[in-house]
Amino acid sequence: MRRLLTALLTFTLCLLAGDTVGRHISGGVMSYEYIGEGSTSNSGRYRIILRLYRDCQSNGPALDATAVITIYPAGGNQVFRDLQVPSSPINTVQLGNPGPCISNPPSVCYQIATYVAETELPFTANGYVISYQRCCRIENISNVIGSNNSGATYTAVVPGTTVGYDAPRNNSPVFRGIDT
């Protein structure tokens with residue numbers, strides 16, 4: 001009797017798990033722009049941009065309506081500020097014309113959420129780390145074991161004055177062009 005129940009339970013679980021696919025956030029990028037002097041000459045205003053990509057075919061969680069972006073003093077783990085940042089309308093992009101060298105092109109479609117916030121940061125010697133964390137990545141990433149259960153962290157670093165007096169007045173590097 002016990003073996004029959006075990007076999008029945010195993011069979012039922014296999015049926016339930018047969019069509020399970022965990023595709024979530026496919027990638028993302030974070031950057032910042034220095035947009036001018038803050039309320040004092042020893043602070044600056046920054047525009048923080050977070051862009052997240054999700055496979056259109058995903059049956060996982062949707063892109064968040066609001067992202068919590070956290071700012072830490074560089075070299076520490078105490079939160080300086082949390083920003084609740086609403087998403088702009090989600091944009092969908094599809095690969096229309098793959099290159100002529102691609103035979104049997106796959107269907108490529110991404111949903112893109114963009115989160116933009118402005119904040120003021122006092123200039124410090126070490127600067128800041130701007131961070132967003134989210135679970136989970138798409139499954140079967142070849143170099144990440146258990147990728148569908150692994151989270152992702154997107155960061156940008158505002159340099160401090162020890163790098164150079166004007167270092168906090170720089171922008172982070174950004175990739176130009178459409179990378180999807």
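This is a predicted model: local features need pLDDT of at least 70, side-chain atom pairs count only at pLDDT 80 or more; totals for chains, interfaces and linings use all residues.

In soluble globular proteins, nonpolar side chains tend to be buried together.

The surroundings of Leu 50 may be listed in detail. Leaving aside residues up to four places away in sequence, Leu 50 is in contact with Val 29, Met 30, Ala 67, Ile 69, Ala 113, Thr 114, Tyr 115, Tyr 132 and Tyr 154.

## Open sheet

An open sheet is built from 4 strands in the order β4-β3-β7-β8, with antiparallel pairing. The edge positions are taken by β4 and β8; each has a single partner strand, so one side of each lacks a neighbour in the sheet. From one strand to the next, the twist averages 25 degrees.

The antiparallel pairing of β7 with β8 extends over 9 bridges. Opposite Tyr 128 stands Val 158 of β8.

## Ser 31

Ser 31 is located in strand β1. Its relative accessibility is 10%, and because the cut-off for burial is under 20%, Ser 31 counts as buried.

Beyond residues up to four places away in sequence, Ser 31 touches Arg 47, Ile 48 and Ile 49, together with Ala 156, Ser 172, Pro 173 and Val 174.

Note on methods: Residues are numbered from 1 along each chain as its sequence is written. Side-chain values use heavy atoms; hydrogens and water are left out. Contact means heavy atoms within 4.5 Å. Two strands pair if DSSP finds at least two bridges between them. Helices (H or I, at least four residues) and strands (E, at least two) are DSSP runs, numbered from the N terminus. Axes are lines fitted to C-alpha atoms, for helices over the stretch in contact, and angles run from 0 to 180 degrees between N-to-C directions. Buried means under 20% relative accessible area, exposed over 50%, partly exposed in between (1.4 Å probe, protein chains only).
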